[in-house]
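Dear colleague,

Please find below the structure that I am handing over to you. My notes on what was found in it follow directly after.

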Amino acid sequence: MAPGSKAERKAALDAGSWMFNVVTSVGIIMVNKALMATHGFSFATTLTGLHFATTTLMTLVMKWLGYIQPSYLPFPELVKFVFFANLSIVGMNVSLMWNSVGFYQIAKLCIIPVLCFLEILFDKVRYSRDTKLSIMLVLIGVAVCTVTDVSVNSQGLIAAIIAVWSTALQQHYVHYLQRKYSLGSFNLLGHTAPAQAVSLLILGPFADFWLTNKRVDIFNYTTIVTFFIVLSCIIAVGTNLSQFICIGRFTAVSFQVLGHMKTILVLTLGFIFFGKEGLNFHVALGMILAVIGMIWYGNASSKPGGKERQVYSLPSEKTQKHGILSSQSELDQKV
């Protein structure tokens, strides 16, 4: 295949993967908003367990059809991943309960700097000035259009810190496991989804009762509520899969930065379908700044030197003989 056609094919696959994630993520947010805000189903942790149970069924069918080949993931790695992932889910729910919406949004924005730190520390990634500035512009834009009231207390701050770090570690770990064990998105989901489903379906009802003081087993499951739960689970299969695809093709930082496009879309759709209350000049300005920052980030990080992984090669016998230690900077092909 010619270099040009390979590059075009990669660009098309990247765009398709990203659109898959955007569509499924925005879809599940809108469905869950209707399910929780309109119909009062506030059991977020248990619902996430149902999402992973449905994803597990999908991976079993894919294995049966031969689309997922046998793969290996050490049990200690699986335990660490499930711990970070489940702590992220519960931590975000607790953070939202104990903090104001404004501080909760600020905490979510802090995930990007933490991921940058993890990439610098563990992956030896270096960012250019333009890449750093574009990330800052995205953070400022999203903060302007989403952060309103900001109040914090000690327990809320602790919950936010746990939520931010566990989410960052989970997303960084997705990229790490795929790279280290040569796992595709389906393979990794095949390992992690069953463990998350079992653990969250056991933990979820207790966590939700603690958060809401309501029991999931005595909720009034009307036909419309059941429909929205099933629809949420079906869309979640695509959301879970597309997250692994995108983090595998790009990086966790790129996934978070460009992921704020979903925040802008959700806000826009909310104004369209649920009324224009809250839409004002500074919200519109924040949206514009965030979109400009995302476009800038995509351009800056794809340029040579925009985002580099430093790789230091060990000296060979020949280079040792001549006293030469070679080092090279390998361009990270992931945007």
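Is Ser 100 buried or exposed? Ser 100 counts as buried because its relative accessibility is 10%; buried means under 20% relative accessible area, exposed means over 50%, and partly exposed lies in between, with a 1.4 Å probe and protein chains only. Before going further, please note that this is a predicted model, in which local features need pLDDT of at least 70 and side-chain atom pairs count only at pLDDT 80 or more, while totals for chains, interfaces and linings use all residues. Residues are numbered from 1 along each chain as its sequence is written, and side-chain values use heavy atoms, with hydrogens and water left out.

Ser 100 sits in the loop between α3 (75-98) and α4 (101-109). Helices (H or I, at least four residues) and strands (E, at least two) are DSSP runs, numbered from the N terminus.

Salt bridges

The structure holds seven salt bridges, a salt bridge being a side-chain nitrogen of Lys or Arg within 4 Å of a carboxyl oxygen of Asp or Glu. Glu 77 takes part in a salt bridge with Lys 80, at 3.6 Å from N to O. Both residues belong to helix α3 and are three residues apart, about one turn of the helix. Glu 77 counts as buried because its relative accessibility is 7%, whereas Lys 80 is partly exposed, with a relative accessible area of 41%.

Glu 77 also forms a salt bridge with Lys 180, where the closest N and O atoms are 3.8 Å apart. This pair links distant parts of the chain, since Glu 77 is in helix α3 and Lys 180 is in helix α7, 103 residues apart. Lys 180 is partly exposed, with a relative accessible area of 48%. The C-alpha atoms of Lys 180 and Leu 73 are separated by 9.8 Å, although these residues are 107 residues apart along the chain.

A further salt bridge joins Arg 215 to Asp 217, with the closest N and O atoms 2.6 Å apart. Arg 215 counts as partly exposed, at 44% relative accessibility.

Aromatic pairs

Rings of Phe, Tyr and Trp (its six-membered ring) pair if their centres lie within 6.5 Å; planes under 30 degrees apart count as stacked, over 60 as edge-to-face and the rest as tilted. By this rule the count comes to 14 aromatic pairs. In one of them, the rings of Phe 81 and Phe 244 have centres 6.1 Å apart and planes at 85°, so the pair is edge-to-face. Phe 81 lies in helix α3 and Phe 244 in helix α9 (residues 223-249), so this pair ties together parts that are 163 residues apart in sequence. Phe 81 and Phe 244 are both buried.

Trp 98 and Trp 210 form another edge-to-face pair, at 5.7 Å centre to centre and with 90° between the planes. Trp 98 belongs to helix α3 and Trp 210 to helix α8, so the pair ties together parts that are 112 residues apart in sequence. Trp 98 is partly exposed, with a relative accessible area of 26%. Ring pairs also link Phe 41, Phe 43, Phe 219 and Tyr 221 into a cluster.

The buried residues of α5 (111-122) include Ile 111, Val 114, Leu 115 and Glu 119. Most residues other than glycine have a negative phi. Just after α5, however, Lys 124 takes a positive phi of about 55°. Lys 124 is found in the loop between α5 and β1 (125-127) and counts as partly exposed, at 45% relative accessibility. Ser 182 likewise has a positive phi, near 50°. Ser 182 lies in the loop between α7 and α8 (185-212) and is exposed, with a relative accessible area of 66%.

Yours sincerely
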